[in-house]
Amino acid sequence: MKKSFNTGLKVLLRALALLPLILAPNYLRADGTSATLDHIKESNALNIGYRQLEPFSFRDVGGKVTGYTISLCNMIADELRVSLGKKNLAVHYIPTLFTERVNSLNSGKIDLDCSVNTDAPERKKSVSFSVDYFVAHMRIISLRQNNIHTLEDLKGRTVSVPRGSKDLLEFNRVNREKHLSISIITSDTVQDAFDMMAQKRTAAIILDDILAYPIINQNEHPEDFSVSQDVVGEKMKYAIMMRKEDPQFVAFVDKTLGRIFESPVNTQLTHKWLTQKVMPKNLQRN
């Protein structure tokens, strides 16, 4: 069954890559109208930023950079090869921290940030976003023995949150408005923030549920952790991040994503990457 699924997915990906991009000539002119497209064409390379954030972007045990968002960006690269006439266009995957994303984009180090990026109004002053590709919910992740289910259970306690993330901005707002007096310890990565909670240095981690599930399932005892039913703050809308003031490139990316979302391949990708849940280790082995 797994072999048949993977074969079907490969066929769909190849078919999608061969489809011509409608209206491409209107915004794929290498005449200075798009700094990003000019840069890609001249360098014959697409530089993609990513982080270790399963199931969207990560380097697997075999060293391959993969995930749902990486798959989308690889298909964008396929469209660039056709539209720019660059059959040998290289794709470089560059590890990029949350706090480095904006500078890496605007300095030209990367052309797309294809990890988890929440489309937030305050960020649009510095970068551009594609159309949304996923909506997550921020929840409380804690050790089950702590019996933490709501924000009120955390009142006066300490939580960990990744530095530079939308989760941190949103949680600060909720914490302030509800007068919860919850202390926050920030970290450079999601894994570091999770480890603080797992090692009992904080009472909980505030994190998008879809990002928490893979980390919990990789733990030796996933049943030790709980994910709150309560949602914290507003919905988190994920999008691909790009350089500011390059509408032609944004239009190209959005057009490509629109075609992917309307095709059968997106159903395949969603089934493969985005059906995460927490389960006991013995069930995982079975």
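Predicted model: local features only at pLDDT ≥ 70, side-chain atom pairs only at ≥ 80, totals over all residues.

Me: OK, and which residues of helix 9 are buried?

Reply: In helix 9, which spans residues 264-273, the buried ones are Val265, Asn266, Leu269 and Trp273. They cover an arc of only 100 degrees around the axis, so they sit on the same side of helix 9.

Me: Let me zoom out a bit. How many helices and strands are in the protein?

Reply: The protein has 10 helices and 14 strands. Of its 286 residues, 48% are buried. Among the contacts with a separation of 6 or more, 78% come from residues 24 or more positions apart.

Me: Which strands pair in the parallel sense over two bridges?

Reply: That's strand 9 (residues 158-162) with strand 11 (residues 204-208). Valine 159 has alanine 204 in strand 11 as its bridge partner.

Me: And strand 8, how does that pair with strand 11, parallel or antiparallel?

Reply: Antiparallel, over four bridges. Isoleucine 141 stands opposite isoleucine 205 of strand 11 there. Strand 8 also pairs with strand 12 in the antiparallel sense, over three bridges, and serine 142 has serine 226 in strand 12 as its bridge partner.

Me: Why is strand 8 described as largely enclosed?

Reply: Because six of its six residues are buried, strand 8 is largely enclosed by the rest of the structure.

Me: Buried or exposed?

Reply: Serine 165 counts as buried, because its relative accessibility is 6% and the cut-off for buried is under 20%.

Me: What does serine 165 touch?

Reply: Leaving out residues up to four places away in sequence, serine 165 touches Phe98 and Arg123.

Me: Changing topic: helix 3 and helix 8. At what angle do their axes cross?

Reply: At roughly 115 degrees, with the axes of helix 3 (residues 68-83) and helix 8 (residues 247-261) coming within 10 Å. The crossing is right-handed.

Me: Which residues meet there?

Reply: From helix 3 you have Tyr68, Leu72, Met75, Ile76, Glu79, Leu80 and Ser83. They meet Phe252, Val253, Thr256, Leu257, Arg259, Ile260 and Phe261 of helix 8. By type, the residues of this contact divide into 10 nonpolar, two polar and two charged.

Me: Last one, helix 7. How many of its residues are buried?

Reply: Nine of its 10 residues are buried, and helix 7 (residues 209-218) is mostly covered. The buried ones are Asp209, Ile210, Leu211, Ala212, Tyr213, Pro214, Ile215, Ile216 and Asn217.

Definitions and conventions: Residues numbered from 1 in each chain as written. Heavy atoms only, no water. Buried < 20%, exposed > 50% of the residue type's maximum accessible area, 1.4 Å probe, protein only. Arc of directions from axis to C-beta. Pairing = 2+ DSSP bridges. Axes fitted to C-alpha atoms, helices over the stretch in contact; angles between N-to-C directions. Left-handed = near helix turned anticlockwise from the far one by under 90°. Contact = heavy atoms within 4.5 Å. Nonpolar A, V, L, I, M, F, W, Y, C, P; charged D, E, K, R; others polar.
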